[in-house]
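Please look over the sequence and the model before reading on.

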Amino acid sequence: MREKETSQFIHASPHCQGIEKKRIEIYMFVDPLCPECWALEPIIKKLMIEYGSYFSFKHVLSGRLASLNMGRKQRLESLADYWEKTASRSGMSCDGNVWFENPVSSPHLASIAIKAAELQGRKAGIRFLRKLQEVLFLEKQNISNFDVLKSCAQNVGLDVVEFVADIHSDSAAKAFQCDLKITSEMDVQEIPTLVFFNENIEEEGIKVTGYYPYEVYVQIIEEMLQMKPEPSEPPSLEAFLRYFKLVATKEIAVVYNMTVSQVEKEMKKLQLKQLVEQLPAKYGTFWRYCGE
């Protein structure tokens, strides 16, 4: 499958003629510090690849973790334990020791930075959020550190000068406040939460809070479409890796319906070709694409 097609799938764009406009809109309420949001990444990727031609996808920052009391040891221990349990259960590694070694000092700034990245385009915002999650959960970096934020922006190809200016602008602050208003209006109390809307603006959306098996989300899409859409085939594994740059064994397993051992076998082949490098994590394994 061509790289262009991979990009179309991931960003939920129609990939062939004859498919009508997006009939579903999905709001995903997230926070960059939320391990459950990180754990949902494999399912979101699979949904976008298989059914992205039927829905548009919007990230909304909930701000639910922005009021963390960073000074209380008991609170930090609770957060660290929550991260460890989530990683162990989901297969998406996140190291709770960051709360003792390099804690995030300003969750609010991290959220503002995401909105600043989005000012350079929706895709830019998605890439930046993913990079923040990687450096936080895997590298244990403080994502409210300004140098870390600039490094992430540069890594995902943003205009760094524009990004820094936007962080201090009213535009990013107002965009974040808009997200908080949407969170309040939709009465979102927990994260992650996905809210599905269909074309009929008179109908209420379907709210799904927490982490559920993939089939649950597919069933909701089928109910809203009142049909069983044919899922699109995923791109080649190499194209998938080339596009995302860094992915977990768990993400590959979910997207391609493979076991962990099957994924590792395939990845070893690509490793021998020097197309990927293995990055051991506290829980599971990640793979970085290093081909052309």
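The chain contains 20 salt bridges, a salt bridge being a side-chain nitrogen of Lys or Arg within 4 Å of a carboxyl oxygen of Asp or Glu. Side chains of opposite charge can pair when their charged atoms come close. The model is a predicted one, in which local features need pLDDT of at least 70 and side-chain atom pairs count only at pLDDT 80 or more, while totals for chains, interfaces and linings use all residues. Residues are numbered from 1 along each chain as its sequence is written, and side-chain values use heavy atoms, with hydrogens and water left out.

**Salt bridges**

| E251 | K45 | 2.8 Å |

The salt bridge between E251 and K45 joins helix 13 (residues 249–256) to helix 3 (residues 41–51), so it ties together parts that are 206 residues apart in sequence. Helices here are DSSP runs of H or I with at least four residues, strands are runs of E with at least two, and both are numbered from the N terminus. E251 is buried, with 0% relative accessibility, and K45 is buried as well, at 5%. In these terms, buried means under 20% relative accessible area, exposed means over 50%, and partly exposed lies in between (1.4 Å probe, protein chains only). Both residues also belong to a network of salt bridges that links E41, K45, R130, K131, E134 and E251.

E101 is exposed at 52% relative accessibility, whereas K140 is partly exposed at 21%.

E238 and R242 both lie in helix 12 (residues 237–244); they are 4 residues apart, so about one helical turn separates them. E238 is partly exposed at 28%, and R242 is partly exposed at 26%.

**L237 in helix 12**

Helix 12 also contains L237, which is buried at 16% relative accessibility. Apart from neighbours within four places in sequence, L237 is in contact (heavy atoms within 4.5 Å) with I252, Y256, E266, M267 and L270. M267 is 30 residues from L237 along the chain, and the C-alpha atoms of the two are 9.1 Å apart.

**The cavity**

Rolling a probe the size of a water molecule over the atoms shows where empty space is left. The structure holds 1 cavity of 30 Å³ or more, and the largest cavity has a volume of about 40 Å³. A cavity is a set of points on a 1 Å grid over the protein atoms alone where a 1.4 Å probe fits but cannot get out, and lining residues have an atom within 4 Å of a point. The volume is the space filled by probe spheres set on the points, which are joined across faces, edges and corners. M28, V30, C37, E41, H59, L129 and Q133 form the lining. Strand 1 (24–30) and helix 7 (122–137) each supply at least two of the lining residues.

**The whole chain**

The chain has 14 helices and 7 strands. Of its 292 residues, 49% count as buried.

Technical notes. 1 Å grid on protein atoms, 1.4 Å probe; cavity = no way out; pocket = protein on both sides within 12 Å on 5 of 7 lines; lining within 4 Å.
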